[in-house]
Every structure is written in structure tokens, then in C-alpha cells.
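Please look over the sequence and the model below before reading on.

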Amino acid sequence: MIALDFLAVLQEWPLLLRGAAFTVGLTAVAAVLGLALGMGCAWARSSGPVALRAVVGAYVELIRNTPFIVQLFFVFFGLPSLGLRLTPEVAAVLAMVVNLGAYAAEIVRAGVEGTPRGQIEAARSLALSEAQVFLRVVLPPALGRVWPAMVSQIVIVMLGSAVCGQIAAQELSYYANLIQSRNFRAFEAFIVATVVYLALSLALRHALYWIGPRWLFGRTPRLH
């Protein structure tokens with residue numbers, strides 16, 4: 001018989017709360033910066049100069065075809081050999097932003113390529129610059145079309161932040177491991193962490209579905 005003792009884990013709730021809050025903070029910063037990077041890369045791949053398209057394409061393929069933990073270790077352990085030393089927190093944010101940016105670039109590009117050509121020509125006829133056409137006419141409806149995929153990717157990045165504990169970033173899995181090292185209740189500690197991750201994922205998904213239409217693509221200009 002296995003005697004489960006979840007109370008031994010739950011009484012460490014301040015650590016779990018601290019880890020959950022740190023995970024939320026990591027995700028928020030990575031989502032904002034990663035989405036901005038993804039939109040910039042989407043523009044570069046769809047409308048940028050040929051050389052820039054090649055560079056961004058190489059970045060996207062490199063990131064999408066390598067494990068996140070390898071990218072994280074490269075940022076934290078590899079960059080110091082080049083003279084750039086980062087704290088665990090900064091390294092975690094940087095790795096998450098770079099990772100999300102590559103996936104967001106392809107997601108946004110898919111939405112951009114679905115924009116009707118006539119809508120773009122109508123915007124150009126109003127003497128809008130190419131940057132204005134992209135930001136005001138092309139991008140908002142493109143985000144609306146791909147927002148469910150973008151939300152799922154942001155949630156995946158949040159869940160992937162669990163490996164950031166490997167470089168001592170004090171997110172949720174870091175504290176779950178710390179708790180089980182204190183009371184040897186590994187099963188209970190990681191069951192509780194799993195439940196917290198599930199709650200965070202559901203809350204994040206609902207929050208993003210609320211934020212998207214109100215802040216990113218809710219007021220899409222219509223040109224006739």
C-alpha cells in the first residue's frame with residue numbers, strides 16, 4: 001500500500017505560489033516579446049528584402065527543428081563562452097522569446113498570406129506606406145484568422161518553461177523539485193505541480209481569447 005501525503009506538499013504553498021507567479025511572469029514577457037518578434041519575422045518573410053528573407057528563414061527553421069532545452073542550454077551555458085553571461089531568469093526569458101518568435105512567425109505568415117489582394121491594393125490606393133498597410137490593414141485580420149493557433153503556441157511555450165528549472169530559474173517545476181527534495185514526496189509534489197500547470201493553462205487560454213479581440217484585432221479596418 002502506498003500512503004499518499006499531499007498535506008506535506010500543500011503546506012509548502014508559499015513556494016508553489018512563488019513558482020506559479022514566476023511562471024506567469026515568464027510567460028507574459030515571452031508572449032509579448034515573442035509575438036512582436038514573430039510579427040516582425042512574418043513581415044520579413046512575406047515582404048522583406050531577399051537577403052532578410054533568407055536570414056529570417058534560416059532562424060525559423062533552426063529554432064523549429066531543435067529542442068527547446070537545447071536552445072535554453074545554448075543561451076545559458078553557451079553564450080558565456082562568447083563573453084555574454086546571463087542570469088537564469090534572463091536566459092529563460094531570452095530562450096522562450098526566441099523559441100516563440102520562430103513559431104509565431106510562421107503562424108502569422110499563414111494569416112498574412114490569406115489576406116485578399118484587393119484589400120491590400122485598396123489600402124495602397126489611399127497612399128498608405130507599406131508599413132501602414134501591413135500594420136493597419138494586413139496584420140489585424142491576419143491575427144484574427146490565426147489567433148487560436150497562436151494561443152495554443154503560447155500555452156505550449158508556458159508549459160515548456162518547466163525545463164527552465166534546469167538552469168535554476170525559479171519557476172513552478174523548480175519549486176516542485178525543491179519541495180520533493182525536502183520531504184521525499186516526489187509523487188505528490190509533481191501531481192500538485194501538474195494540477196497547477198493545468199489550471200494555469202486553462203486560465204491563460206481564456207485570458208488570451210479575451211485579450212485578442214479587444215487589443216490586437218478587434219478593430220479591423222474595412223476598405224472598399
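Which residues do ring pairs link into a cluster? Ring pairs join Phe-73, Phe-76 and Phe-77 in this way.

## Basis of the report

This is a predicted model, in which local features need pLDDT of at least 70 and side-chain atom pairs count only at pLDDT 80 or more, while totals for chains, interfaces and linings use all residues. Residues are numbered from 1 along each chain as its sequence is written, and side-chain values use heavy atoms, with hydrogens and water left out.

## Aromatic pairs

A search of the whole structure finds four aromatic pairs, a pair being rings of Phe, Tyr or Trp (its six-membered ring) with centres within 6.5 Å, called stacked if the planes are under 30 degrees apart, edge-to-face if over 60 and tilted for the rest. The pair of Phe-73 and Phe-77 is edge-to-face, because the ring centres are 5.4 Å apart and the planes stand at 70°.

Both Phe-73 and Phe-77 belong to helix α4 (residues 68-78), where they are four residues apart, about one turn of the helix; helices here are DSSP runs (H or I, at least four residues), numbered from the N terminus. Phe-73 has a relative accessible area of 32% and is partly exposed, where buried means under 20%, exposed over 50% and partly exposed in between (1.4 Å probe, protein chains only).

## A network of salt bridges

Across the whole structure, a search finds eight salt bridges, each defined as a side-chain nitrogen of Lys or Arg within 4 Å of a carboxyl oxygen of Asp or Glu. In one of them, Glu-61 pairs with Arg-64, with the closest N and O atoms 3.9 Å apart, and these two residues are three residues apart in helix α3 (residues 50-64). Glu-61 is partly exposed at 38% relative accessibility, and Arg-64 is partly exposed at 34%.

Arg-64 also forms a salt bridge with Glu-106 (3.9 Å, N to O), a pair that links distant parts of the chain, since Arg-64 is in helix α3 and Glu-106 in helix α5 (residues 88-113), 42 residues apart. Glu-106 in turn meets Arg-109 in a salt bridge (3.0 Å, N to O), and both of these residues are buried. Salt bridges that share partners join Arg-45, Glu-61, Arg-64, Glu-106, Arg-109 and Glu-113 into one network.

## A nonpolar surface patch

Ile-2, Leu-4, Phe-187, Ile-191 and Val-195 make a nonpolar surface patch of about 520 Å². Ile-191 lies in helix α9 (residues 186-216) and counts as partly exposed, at 35% relative accessibility.

Notes:
Patches are made of residues with over 30% relative accessible area and no salt bridge: like charges are joined within 9 Å, nonpolar side chains (Val, Leu, Ile, Met, Phe, Trp, Tyr) within 5 Å. Accessible areas come from the Shrake-Rupley method with a 1.4 Å probe; for residues, only the protein chains shown count as cover.
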